[in-house]
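Trainee: Could we go through this model together, one question at a time?
Mentor: Gladly; please keep the structure open while we talk.

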Amino acid sequence: MKEWNKEKIIDLLIQSRKTALEYYDSPDMELKKDKSIVTVADKAIESLLAVHFDKPENGSYLIGEETVFQKNEEYIRNALNETTWIVDPIDGTAPYSHHIPTWGISIAFMKNGIIEEGAIFLPPTGEIFISEENTVYYKSCGSNP
């Protein structure tokens, strides 16, 4: 994807929530090199979003919390000069991994190094906050089951 599409982003956030909730009761986790926690849900959501966003051959890049260190310098340089999606698949992995309902899924849209749009989905409350052309919209998708 090379353009911000509010409805498509909402659909992707809802798909991401389904993935997060699959693992929520018992998320496998490990420590990253920086000693922060990463769960299987973090990796699965970032992989799901990468299918849609990480298309360097089309000028669309993904900078994700779980995969950014796997990218080379050229990829990052190109990302900063093109269309880039910045993703935190589980924003609040520590609370998520301990079943504390203070976590979300974050997506930002950047062009030429400037963040233009963003969205955060709070699955525990079912709330989505999403921007579009200088307006922030609110959508309720119902709290998690």
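**Strands, partners and packing**

Trainee: How many bridges join strand β5 to strand β6?
Mentor: This is a predicted model, and in it β5 covers residues 104-111 while β6 covers residues 114-122. The two strands run antiparallel, with Ile 105 standing opposite Phe 121 in β6. The number of bridges joining β5 to β6 is seven.

Trainee: Which strands stand at the edges of the sheet?
Mentor: The sheet is open and has six strands with mixed pairing, in the order β3-β4-β5-β6-β7-β8. Each edge strand has a single partner strand, so one side of each is left without a neighbour in the sheet. The strands in that position are β3 (60-64) and β8 (135-140).

Trainee: By how many degrees are neighbouring strands of this sheet turned against each other on average?
Mentor: With direction ignored, the average for neighbouring strands of this sheet is 20°.

Trainee: At about what angle does helix α2 run to β4?
Mentor: Helix α2, residues 40-53, lies across β3, β4 (83-91) and β5. Helix α3 (residues 73-81) also packs on the sheet, touching β3, β4 and β5, and its direction makes about 110° with that of β3. For α2 against β4, the angle is about 160°.

Trainee: Which residue in the turn between β7 and β8 has a positive phi?
Mentor: β7 (residues 127-132) and β8 pair in the antiparallel sense over six bridges, and Phe 129 has Tyr 138 in β8 as its bridge partner. The two strands form a hairpin with two residues between them. The turn residue with a positive phi, of about 50°, is Glu 133.

Notes
Residues numbered from 1 in each chain as written. Predicted model: local features only at pLDDT ≥ 70, side-chain atom pairs only at ≥ 80, totals over all residues. Heavy atoms only, no water. Pairing = 2+ DSSP bridges. Helix = DSSP H or I, 4+ residues; strand = E, 2+ residues; numbered from the N terminus. Axes fitted to C-alpha atoms, helices over the stretch in contact; angles between N-to-C directions. Contact = heavy atoms within 4.5 Å.
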